[in-house]
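Here is a quick tour of a two-chain model. Have it open while you read.

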Amino acid sequence: MNRLSDEILNKYIDNELSEEEKLKIRQQIQSSEEDKKRFAALQAVHINLKKEHVPEVSPDFTSRLMSKIMKQRKAKNEQRVFIFSIGSVFLIILLIIIGFFISSTINTESSSSVSILNTIVSFMAEFGSKISLGFSGKYISIVGSILSFSIILTAYFFFDYKKHTNHWFGKTN
Amino acid sequence: MSKLEMRNLTDAEIIESVKKGNQTDYAILVDRYKNKAFSLLKRMLKNDFDAEEVLQDCFLKAYNGLENFKFESSFSTWFYRIAYNTAVSRLSLKKRKIENDMASIDDQIHLSYSDNSADVEQEELSVVLSRLIEKLPANYAAVINLFYMNQLSCEEISEIMQISVANVKVMLYRSRNSLKEIILKNNLTRELL
């Protein structure tokens with residue numbers, strides 16, 4: 001009789017054969033000394049692998065990991081607050097600039113008695129010209145100074161934030 | 001809820017709790033899977049230090065991805081997939097010869113036990129096997145580890161390693177056969193017969 005293949009022996013060990021096939025294999029194992037040895041070796045591998053112990057990580061692994069997660073979470077919250085603060089500062093500056101132009105436009109238009117549509121059209125035209133005026137002539141230095149100051153302030157806080165969280169250097173702790 | 005009560009909860013219940021804002025509950029999941037995942041990583045990376053470092057990365061990745069975890073598979077399968085893929089990336093990053101560490105399914109594996117044969121005969125079978133598992137290519141070691149130490153089915157392993165169930169079985173059989181050959185060669189089954 002031919003010797004049993006490794007695949008059949010593996011399937012036998014994994015209980016993937018029918019009862020009839022298993023009976024045939026048992027008979028073959030009993031009748032062949034070589035198959036008996038091979039089967040015993042494979043079974044020994046199977047049994048000992050089942051008993052193989054699971055290695056353990058260092059005892060403080062969970063506490064170290066959780067503290068890293070908490071720091072990461074805190075950094076994320078700080079980042080959110082930082083972005084919100086910077087966004088708010090920019091919005092306030094923008095509103096101040098727009099408010100300044102609107103108030104100066106309304107003051108010059110208050111005496112006119114044209115229709116609402118004409119008022120809106122002329123207001124938009126005036127507003128556009130005020131905006132362009134803001135970036136030219138005598139206002140350029142004011143607008144430029146405000147923007148430069150905002151950018152410098154943002155850059156400072158951004159650098160300071162990054163320095164504390166070490167995000168640029170790929171560290172979270 | 002006390003930690004003791006939390007320990008009896010399912011993975012899904014713990015994940016829901018973490019998603020609701022109880023971040024510290026994630027420690028229960030960490031405790032549940034850290035050793036088994038460490039075992040997988042250690043056998044793939046062949047190094048305790050790298051395995052622990054990668055394990056930490058994996059838990060961080062899993063934590064950050066928890067919001068998008070849709071329970072399409074079990075947490076364990078999802079987490080072991082993260083661990084397996086991170087280990088594969090680490091092996092590539094380390095510029096090891098990935099084709100040697102990650103033997104192709106078409107390759108035969110050849111293990112050798114080079115210690116003094118007299119010593120081998122004195123050693124317990126389990127000790128010899130532990131040393132031999134260390135010598136298996138990373139993907140074969142992963143299959144053996146997931147099947148025996150993590151007690152997963154071939155279907156779950158195929159999902160984790162993104163290969164067919166047939167290929168998982170081929171790798172499992174080959175690993176066992178290689179170990180069996182060493183045992184036969186060194187006559188380690190003498191007391192079993």
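## Where the chains meet

Chain A puts 29 residues in contact with 35 residues of chain B, contact being C-beta atoms, placed from the backbone, within 7 Å. Helix 3 of chain A gives the most to its side, with 12 residues; helices here are DSSP runs of H or I, at least four residues, numbered from the N terminus. By class, that side of chain A has 14 nonpolar, five polar and 10 charged residues. Nonpolar means Ala, Val, Leu, Ile, Met, Phe, Trp, Tyr, Cys and Pro, charged means Asp, Glu, Lys and Arg, and the others, Gly among them, are polar.

This is a predicted model, where local features need pLDDT of at least 70 and side-chain atom pairs 80 or more, while totals for chains, interfaces and linings use all residues. Residues are numbered from 1 along each chain as its sequence is written, with chains lettered from A and ligands numbered from 1 in the order written.

## The core

The largest nonpolar core has 66 residues; such a core joins buried Ala, Val, Leu, Ile, Met, Phe, Trp, Tyr and Cys through C-beta atoms within 7 Å. Helix 3 (residues 26-45) of chain B gives the most to this core, with 12 residues. B:Ala37, among those with the most contacts inside the core, touches B:Leu55, B:Cys58, B:Phe79, B:Tyr80 and B:Ala83, leaving aside residues up to four places away in sequence.

B:Lys46 has a positive phi of about 60° without being a glycine. B:Lys46 counts as partly exposed because it has 17 C-beta neighbours inside 10 Å (buried is 20 or more, exposed 12 or fewer, partly exposed in between, with C-beta atoms placed from the backbone). B:Gln162, also not a glycine, has a positive phi of about 55°, and with 9 such neighbours inside 10 Å B:Gln162 is exposed.

Key:
Helix = DSSP H or I, 4+ residues; strand = E, 2+ residues; numbered from the N terminus. Contact = placed C-beta atoms within 7 Å.
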